[in-house]
Amino acid sequence: MMSVSKNLEDRVLTLTLARPEKRNALTRAMYQTLADALKGAASDAGVRAVVITGTGDCFCSGNDIGDFIAAGEAGPGPALEFLHAIAAFPKPLLAAVRGPAVGIGTTLLLHCDLVYAGEGARFQLPFVNLGLVPEGGSSLLLPAMVGHARAAELLMLGEPFDAGTARELGLINGVLADDAVEARVQDQARKLAAKPPAALAQAKAMLKSQAGKPVAQVLDEEVAAFRERLTSPEAHEALMAFQQKRAPDFSAFE
Ligand code: COA
């Protein structure tokens with residue numbers, strides 16, 4: 001049974017959660033497939049961006065509840081490996097959300113760079129309701145993204161919220177008609193896949209590491225990185241292209 005399908009096109013790797021009969025609940029095997037795919041993509045120059053999406057009318061109903069019940073014996077294993085892989089993933093990571101995104105279906109989005117959702121999307125972090133606690137880095141990332149009050153509302157009350165609310169909170173980039181989400185995400189992924197890859201990876205690493213640092217320190221670090229980038233082959237190609245009035249071509253870079 002293939003519960004995660006992979007498709008590589010135009011240097012965009014699309015990972016589709018494909019277990020619709022269980023609303024794309026994630027099993028240990030699916031976590032392992034996702035972790036392996038992300039780790040492979042991280043070091044594969046043929047992949048410039050990754051998209052995570054779900055089949056049909058559900059993004060992901062969270063961890064498989066049956067696996068949760070068995071987890072006492074089996075341990076977190078592949079789920080934790082997946083979380084480390086997604087948190088450390090160095091290239092652009094996008095998600096297309098249609099329908100429910102529950103539990104890790106929502107917390108995995110906190111590790112993505114661009115997320116677009118359909119009008120029918122419903123997000124929920126029901127950990128406390130299930131007698132559990134926040135996972136996936138959400139106890140750190142969510143308050144950092146939306147502030148304590150709103151994070152407490154989402155993580156302690158654990159009620160579903162819609163795409164408009166997710167957009168207002170800054171958890172996602174945009175809300176579209178359900179049948180327009182996939183195309184928008186693929187479009188954005190292709191734009192990112194055409195950009196200078198090393199500059200993009202460095203920009204992402206900078207965005208992810210700045211929280212909590214004093215501004216003065218960040219200014220100095222940015223200038224140092226910027227000066228280094230100015231002498232890079234990517235910048236050379238971009239600056240020459242501008243002077244020569246042509247489009248830059250970053251397809252040969254890694
Ligand atoms: N793990 C295992 N099976 C799940 C599942 C999960 N997380 N979520 C849904 N399913 C299964 C249901 O048991 C049902 O299986 P069945 O047809 O064999 O009875 C099937 O998927 C369809 O689920 P259903 O609840 O009928 O679909 P829905 O469209 O009405 O609702 C959800 C979808 C996602 C809103 C709802 O299924 C749900 O809330 N699931 C639990 C989510 C959850 O608490 N996850 C853990 C987070 S930490």
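In the hairpin formed by β1 and β2, Asp 10 takes a positive phi near 50°, and 2 residues sit between the strands. This is a predicted model, where local features need pLDDT of at least 70, side-chain atom pairs count only at pLDDT 80 or more, and totals for chains, interfaces and linings use all residues. Residues are numbered from 1 along each chain as its sequence is written, and side-chain values use heavy atoms, leaving out hydrogens and water.

Strands β1 (residues 4-9) and β2 (residues 12-17) run antiparallel, joined by 6 bridges; pairing takes at least two DSSP bridges. Asn 7 has Thr 14 in β2 as its bridge partner. Strands are DSSP runs of E, at least two residues, and helices are runs of H or I, at least four, numbered from the N terminus.

Now to the ligand. There are 15 residues around it, and Lys 22, Arg 23, Ser 61, Asn 63 and Ile 65 come nearest (near means a heavy atom within 4 Å). Here are some N or O pairs; a polar contact is such a pair within 3.5 Å.

| Residue | Residue atom | Ligand atom | Distance |
|---|---|---|---|
| Arg 23 | side-chain N or O | oxygen | 2.8 Å |
| Asn 63 | backbone N or O | nitrogen | 3.1 Å |
| Ile 65 | polar backbone atom | nitrogen | 2.9 Å |

The protein covers 57% of the ligand's own 880 Å² of accessible area (Shrake-Rupley, 1.4 Å probe). Helix α2 and strand β5 (100-102) each give two or more residues to the shell around the ligand.

Phe 68 belongs to α2 (residues 65-74). Phe 68 counts as partly exposed because its relative accessibility is 35%, with partly exposed lying between buried (under 20%) and exposed (over 50%).

How values were computed:
Buried < 20%, exposed > 50% of the residue type's maximum accessible area, 1.4 Å probe, protein only. Polar contact = N/O pair within 3.5 Å; in protein donor to acceptor, adjacent residues only side chain to side chain.
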